[in-house]
Amino acid sequence: MGFVPFGAIEDDVFASLTDAEKVRVGRLGHFMKERFGFNMIQSTRPQTLAYGLHDSPAGLLAWTCELFNGFGDTVDAVDRDTFLTNLMLYWLTGTANSSTRMYYEGTHDPGAWAPKDMSPTPVGVAVFQLSDVAIRRFAEQGNRIVHWSEFERGTHFAAIDAPDLMIKDIRTFFRNVL
């Protein structure tokens, strides 16, 4: 089945989802309807976006605020100093292009969302409840998942807003696969 976009889940599959999985599908649907624009521009015109972000500190600030605002329950998912430090890393290193390029590459790789074969690489998944839409049964269709964790806090930016959970989980994963 590969990647299953919202709206493409058959009725019988949707009916078999747990309540938590239905919440995640609903979260994905909301994201696709209200928040997916950033992904589209990064997937189709990353270089154009990179010029704008690199040439304008105000543009970079606005873009980054919008991203942080969209992946948590509040604008204050991280404190101001942490947010500005993250922003300055992109500004001072000029890495707007490299940070958006993965969206373009993933969109233009035919096998990125529908692998033909099961990957032999062991995979660990950390689900941070405030933003993730991961559903294990779908993730297992193309990945050899050997570690799955779910957390009650954290967003898409877990390295910033839940680093304690993320670091512990990464260490646990690698202890078990090495």
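**Salt bridges and burial**

Modeller: Arg136 is partly exposed, at 32% relative accessibility, where that class lies between buried (under 20% relative accessible area) and exposed (over 50%), computed with a 1.4 Å probe on protein chains only. The model is predicted, so local features need pLDDT of at least 70 and side-chain atom pairs count only at pLDDT 80 or more, while totals for chains, interfaces and linings use all residues. Residues are numbered from 1 along each chain as its sequence is written, and side-chain values use heavy atoms, with hydrogens and water left out.

The side chain of Arg136 meets that of Glu140 in a salt bridge at 2.8 Å, N to O, the term meaning a side-chain nitrogen of Lys or Arg within 4 Å of a carboxyl oxygen of Asp or Glu. Glu140 is also partly exposed, with a relative accessible area of 34%. A search of the whole structure finds 6 salt bridges.

Glu21 counts as buried at 13% relative accessibility, whereas Arg137 is partly exposed at 29%.

Another salt bridge joins Glu150 and Arg24 (2.8 Å, N to O), and because Glu150 lies in strand E2 (residues 144-151) and Arg24 in helix H2, the pair ties together parts that are 126 residues apart in sequence.

Methods
Helix = DSSP H or I, 4+ residues; strand = E, 2+ residues; numbered from the N terminus.
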